[in-house]
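Q: Please take me through this model step by step. I shall ask as we go.

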Amino acid sequence: MKVVLFCGGYGMRMRNGTSDDVPKPMAMVGPRPLIWHVMRYYAHFGHTEFILCLGYGAHHIKDFFLNYEETTSNDFVLRGGRTELLSTDISDWTITFAQTGIESPIGERLRRVRHHLDGDEMFLANYADVLTDAPLPEMIDRFARRDAGASMMVVPPQSSFHCVELGEDGLVGGITAVSELPLWENGGYFVLRQEVFDHIPEGGDLVADGCAQLAKRGRLVAHQHRGFWKPTDTVKERAALDEAYARGDRPWAVWEKDSAAVSA
């Protein structure tokens with residue numbers, strides 16, 4: 001299945017300064033940027049046709065792949081001054097680079113790459129800056145069996161804050177951690193059918209317009225995931241992922257787990 005990745009936003013909370021024009025998906029986690037980790041996740045499950053919805057800082061993403069260094073994340077042999085790779089990352093990937101505008105909402109970005117989907121009835125979509133260990137094949141299979149227009153992965157609230165119940169005269173009736181509330185957040189991993197385009201107007205949003213309209217019609221399903229899921233909206237969150245990678249704690253790297261199992 002084709003994978004549409006939205007990677008053209010400003011990502012203002014990730015900015016290091018006014019002159020920093022690196023888009024959020026290009027923030028580094030270990031030796032590779034976020035977008036690589038997301039793409040490697042999909043490729044691990046056999047989905048290697050990518051459509052990148054570019055916008056802000058597009059040249060950074062283009063340059064990364066045009067000058068891709070396989071030796072950064074693959075073992076190799078240097079023999080007679082020539083590099084012989086023992087494995088590769090992207091040799092079987094097909095990547096379409098599509099400029100979808102600097103200010104475009106997510107839904108509009110999706111609309112602008114519709115023709116690249118070649119009429120495929122089902123496809124995948126993602127924000128390109130969220131990492132997870134969710135079982136993608138299960139997510140796809142469950143959706144394929146449903147009569148619905150879209151599937152959205154949902155996760156428990158990530159906030160560390162607490163909600164306070166107030167009674168009369170300002171008395172506190174209870175305190176509950178947000179993460180313990182019976183609520184779910186959009187996890188950013190979508191399985192979509194062409195039907196979603198019927199509900200995204202020009203300049204519209206994927207979730208607020210497309211998914212919301214499908215939900216009203218009983219055409220949106222959720223895949224609940226309680227496993228690993230981490231966004232990278234802030235510098236702090238990106239740094240935490242980078243530190244976890246350095247100490248070998250990277251549950252999102254499902255490709256490493258399977259490789260280790262094969263080796264064993």
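A: First, a term: helices (H or I, at least four residues) and strands (E, at least two) are DSSP runs, numbered from the N terminus. This is a predicted model, in which local features need pLDDT of at least 70 and side-chain atom pairs count only at pLDDT 80 or more, while totals for chains, interfaces and linings use all residues. Residues are numbered from 1 along each chain as its sequence is written, and side-chain values use heavy atoms, with hydrogens and water left out.

Q: Which residue just after H1 takes a positive phi?

A: Gly46 does, with a phi of about 95°.

Q: And how many residues of H1 are buried?

A: Of the 11 residues of helix H1 (residues 34-44), 10 are buried, so the helix is largely enclosed by the rest of the structure. Buried means under 20% relative accessible area, exposed over 50%, and partly exposed in between (1.4 Å probe, protein chains only).

Q: Which ones are they, the buried residues of H1?

A: They run from Leu34, Ile35, Trp36 and His37 through Val38, Met39 and Arg40 to Tyr41, Tyr42 and Ala43.

Q: Is Asp118 buried or exposed?

A: Asp118 is exposed, at a relative accessible area of 58%.

Q: Where is Asp169?

A: Asp169 belongs to the loop between E11 and E12. Asp169 also has a positive phi, near 60°, in a residue other than glycine. With 78% relative accessibility, Asp169 counts as exposed.

Q: What of Leu166, buried or exposed?

A: Leu166 is exposed, with a relative accessible area of 64%, and it lies in strand E11.

Q: Where does Asp92 lie?

A: Asp92 is in the loop between strand E6 (82-85) and strand E7 (94-99). Asp92 is partly exposed, at 49% relative accessible area. Asp92 and Thr48 are 44 residues apart in sequence, yet the C-alpha to C-alpha distance between them is 7.0 Å.

Q: Now the pockets: how much space lies in the largest pocket?

A: About 460 Å³. Of the 23 residues that line this pocket, Lys24, Ile106, Tyr127, Asp129 and Asp233 are the closest to its centre. On a 1 Å grid over the protein atoms alone, a pocket is an open set of points where a 1.4 Å probe fits, with protein on both sides within 12 Å along at least five of seven lines; lining residues have an atom within 4 Å of a point. Points are joined across faces, edges and corners, and a volume is the space filled by probe spheres set on them.

Q: Which element gives the most to that lining?

A: E13 does, with three residues. Strand E1 (2-7), helix H3 (106-112), strand E13 (185-193) and strand E15 (229-231) each supply at least two residues of the lining.

Q: And what lies nearest the centre of the second largest pocket?

A: Gln158, Lys230, Pro231, Thr234 and Glu237 do, out of 13 lining residues. This pocket holds about 360 Å³ of space. E15 and helix H6 (235-246) each supply at least two residues of its lining, and H6 has the largest share, five residues.
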